[in-house]
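Here is a friendly walk through one protein chain, from its overall build to a single residue. Please have a look at the structure first.

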Amino acid sequence: MKYLKVLICLVAAVFFMFGTGISKAAEIVLGYTGPLSGPAAEYGQDILYGVDMAVNEINAAGGITVKGKKYTFKLDKLDDRIDPTQAVNNARRFKTNKAIAVFNGVFNTTAPLMKINEEKGNEFIMMSYTSTPKIETLGNKLMVCTVTSFTPYVQVFSEWAFKKGWKKCAMVVTLGAYGDEWRQSFREYWEKRGGVITADKPANYYTETDFSSPLAAAIATKPDVMLIGGPSATTALVIEQARSMGFKGGFIMIDQAKQDYIAILLKGTKMMGNLIGTAGVVSVPFDGAKIFEQKYTKTYKRMVTWECALNYTGMHALARAIVAAGTVDDVYKIREAFPRSLETTPMLGDKFPNEVTGITKAGRLYVAASVQTITNGKSDPSALYVWWPDDQKTVDALKKITAVKNNPILWLK
């Protein structure tokens, strides 16, 4: 009799849950493939945790509602150690679980993924994180990129150096497709403006710790400034070693290297001297950036980076697009809904660590380029550069809605 009563209670509970509509929301599956082990693990984990934090927030708030039905998100993750073949295999595994989007943050693996994400019957949205301009030339109709191109940085960084009267630049940039593209773009702009590249000595920032050889060759050409950068940890070593070898000039850091993290490694900004690079997340003039930092550091016990911040915002943008599209499985309709969802309700800096107000036809989100300089060893206020407006009217409209406080929004014409 005792067991019969228990059985009756269980049946009644199940009937109550389903009969009153209190049932578990359906799941929308997402995937993340990236370096979760090896030399680039920190970078890969930052991207993953940014997406993960957004997913957890959305789910905790009850998920999203599409055509009257509730959905939550499930994030699957797999390590690819920046191996293109493994990344593709991971994506195919995600698709067997009916994933509609895959996040990835390394162009060497993103490009192969973009060769398969439009296969009929196996389509998925490619949520990429890469500043290389090449991604926009691939003609992929299911691509979304959550970070600005490095092209604005080439212009802003170069002009900063020219205003200081620096014309001679030596390059000691990381090896690889990304570093090669940066060096090529920088050289073209620098020389077009009348500057001279005195040396080009790429180095492997992923495996090396002694940069004395390329630095010695670069310093021997007596440059005014050096273009450097790769992962932040080894970029800090390059700065430290260059100073120890007597280099007193300035530094231009490619956007992969983050000066806020480097400042921690170098125990301050004094050694950096005169430098320009991307601004740290907490230095941008958004209340949302400060709120995000507090929540992120408390949850994941690690420093905030643009990798986590921009992918956090990108995940929220994806959720909004799904709602606007009115479908959870038609990936083409979801991708097409991004412009509409962002123009109707822009993502502003009062609630997010960065602002997103639209998307290019090729798929790059309208995210301002954040820039910060160090002058004589002391950090200057950060600045935001918008690169997408075609006219002053668009700039004025943006200034009316932005949550920026104090710091000006600068237009790259």
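How many of the 413 residues of the chain count as buried? The share is 55%, where buried means under 20% relative accessible area, exposed over 50%, and partly exposed in between, with a 1.4 Å probe and protein chains only.

A word on the source: this is a predicted model, in which local features need pLDDT of at least 70, side-chain atom pairs count only at pLDDT 80 or more, and totals for chains, interfaces and linings use all residues. Residues are numbered from 1 along each chain as its sequence is written, and side-chain values use heavy atoms, with hydrogens and water left out.

The overall figures of the chain are these:

| Property | Value |
|---|---|
| Span of the C-alpha trace along its principal axes | about 90 × 45 × 40 Å |
| Contacts joining residues at least 24 apart, among those at least 6 apart in sequence | 68% |

Contact here means heavy atoms within 4.5 Å. The secondary structure comes to 13 helices and 15 strands; these are DSSP runs numbered from the N terminus, helices being H or I of at least four residues and strands E of at least two.

Now let us zoom in on I82. This residue lies in the loop between β3 (69-79) and α3 (84-96). Is I82 buried or partly exposed? With a relative accessible area of 27%, I82 is partly exposed. Beyond its neighbours within four places in sequence, I82 is in contact with P35, A40, V106, N108 and T109.
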